[in-house]
Amino acid sequence: MIDVDNSAGFKGFFDKFPSLILQATENLARSCCIAGKLDPQRLDQEQVASYELAWVYAEYRAASVAWESYNGTATELQQGLCGIYIASAAQSIRTRLEPLLPVLGIEPEDFDRLFGAGELRSTMQALLAPAYLAEVGQEVIQLQGEVGQVTLDDDKEMMQTAFRKLAVDIVEPLAESIHRQDLTVPEAILKPLGEMGVFGISVPQQYGGTAPDADADNASMIVVTEALSEASLAAAGSLITRPEIVTRALLSGGTEAQRVRWLPQVASGEKLCGIAITEPDYGSDVAGLSVKASPVAGGWLLNGAKTWCTFAGKAQLLFVIARTDTDRSLGHKGLSALLVEKPSTDKHEFCFDQESGGRLTGRSIPTIGYRGMHSYDLVFEDYWVPEANLIGGAEGQGRGFYLAMAGLTGGRIQTAARASGVMRAALKAAVRYSQNRKVFGAHLGDYQLTRAKLAKMAAQVAVSRCFTYRVGELLDCGEGQMEASLVKLFACRSAEWITREALQIHGGMGYAEETAVSRYFIDARVLSIFEGAEETLALKVIARQLLQDALNKGERHS
């Protein structure tokens, strides 16, 4: 491989950029606050700047992980891929920030001094030079797209090997028919996954799962999710998400009796889980939810509509957020979480009547992809839920919002792992096709442009994987809540781009349903929508927290 020393140019960038972006964040925070507090109206007036700021932090954090990998024990190829990504990220960050210099209060001279530095420019030019990209792309082809070096202990490596084999042997042969015929995930997949402990991967061992009782184990979840998502996002990779959300909610706020009752059933797969949070008029705005849970003797009556309830047909247990306090002015403080039982069905439409007179109807929403689990519109009509199914019991009233957020935080890192799996599948498919397809008398993979594309794709896959596993480590240490949001934002958009490029390399065949890469492309598009839509995640979670932290820091130093 061509020798490119990127250490000098990048070291200056990583030394100087943090102070520049911190100053920009503090400036934006001050412009968005009144009397020392962030003002919603001013925040809305600076949505574009806040959105771009969130993306800058995501790309910079990914670049920082790449820089750590480059300076560690990475292989020569891994170092090259990390260098390519850092150079691309510096380009992207500059493009995002330059139009916003006046808004962010960044002096043009300071900006130019950083991004126009000769060493940085020379390094970027060398790493993004066509000849270098082509050489890296050739190595990616030789490795069949197997990139993204991460260090796993022996147990995790065995787990990865086992689940990759299961994905190839059981999931892959069924994935295309599930997608093209819009089928429900069959028992042929659910049964072996249950036997392998997939549904209990977040459930502590004392409740029948495989997670440690005392410590978090995000690494196992990432390994399994990535392996299954490589075979099929919808038919396998996403099956962990719903039981994880239910598990985290019960562990965060459930009573011991509820944990003992429900978690073993969730872990074994006896109770498949669905999530019912979103409503027709309220998506990511959870605080505005309106489905009502009215108290009656021995329980609650649910009334109202939910939408985008994934796996709600097959599931026997729904995690439902409902308003238990009629005072709408309470906002999210009037919401509670209930576990709602129902019969399982493979049908796209269902209607269940209770002996008490309650009814639950469901209709699957036709979607362009992510087929297998199906998302449903649900309507509850006086649907009775036992009092014991209110998570947390009487003390759980009003805590539904917090329990949902506890579950969704775990969902973000899991979604990044799902994105990594889809990316791996798409990159490897593109590499295979580049070796098999001939155009103008040569294989696609022999052309400089194809190799350069594959190099950039591989760089994004490698860094996204490293970022995802790194955030998993932070979460296991009780840290990394912000990073979980950043990696979700980053990995999901990366998956969209990589699957797009993979499809493009396939040409017309990429647009044919018979080619798996078309499924990867369609499925990847949903990643930036669920578990926190990209815009909401960037504005309401990442940017708001960054700005609040900047204000808090300013107060401490004042």
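Which residues are linked in a network of salt bridges? Hi everyone, let me start there. Glu 146, Arg 164, Glu 230, Arg 424 and Lys 428 are the ones joined up in this way. Please keep in mind that we are looking at a predicted model.

Let's stay with salt bridges for a moment. The count for the model comes to 34, and I have picked out a few pairs for you to find on the screen. Asp 353 pairs with Arg 359, and their closest N and O atoms are 2.5 Å apart. Next, Asp 446 and Arg 451 form a salt bridge with 3.9 Å between the closest N and O atoms. Asp 446 is partly exposed, at 44% relative accessible area.

Then there is Lys 156 with Asp 153, whose side chains meet at 4.0 Å, N to O. Lys 156 is buried, since its relative accessible area of 13% is under 20%, whereas Asp 153 is partly exposed at 42%.

Now over to helix 8, residues 130-142. Which of its residues are buried? They are Tyr 132, Leu 133, Ala 134, Val 136, Gly 137, Val 140 and Ile 141. Among the elements covering them are helix 4 (76-97), helix 7 (118-127), helix 15 (400-436) and helix 16 (448-476). And if you look just after helix 8, you'll find Gln 144 with a positive phi of about 60°.

Thanks, everyone!

Definitions and conventions. Residues are numbered from 1 along each chain as its sequence is written. This is a predicted model: local features need pLDDT of at least 70, side-chain atom pairs count only at pLDDT 80 or more; totals for chains, interfaces and linings use all residues. Side-chain values use heavy atoms; hydrogens and water are left out. Buried means under 20% relative accessible area, exposed over 50%, partly exposed in between (1.4 Å probe, protein chains only). Helices (H or I, at least four residues) and strands (E, at least two) are DSSP runs, numbered from the N terminus. Contact means heavy atoms within 4.5 Å.
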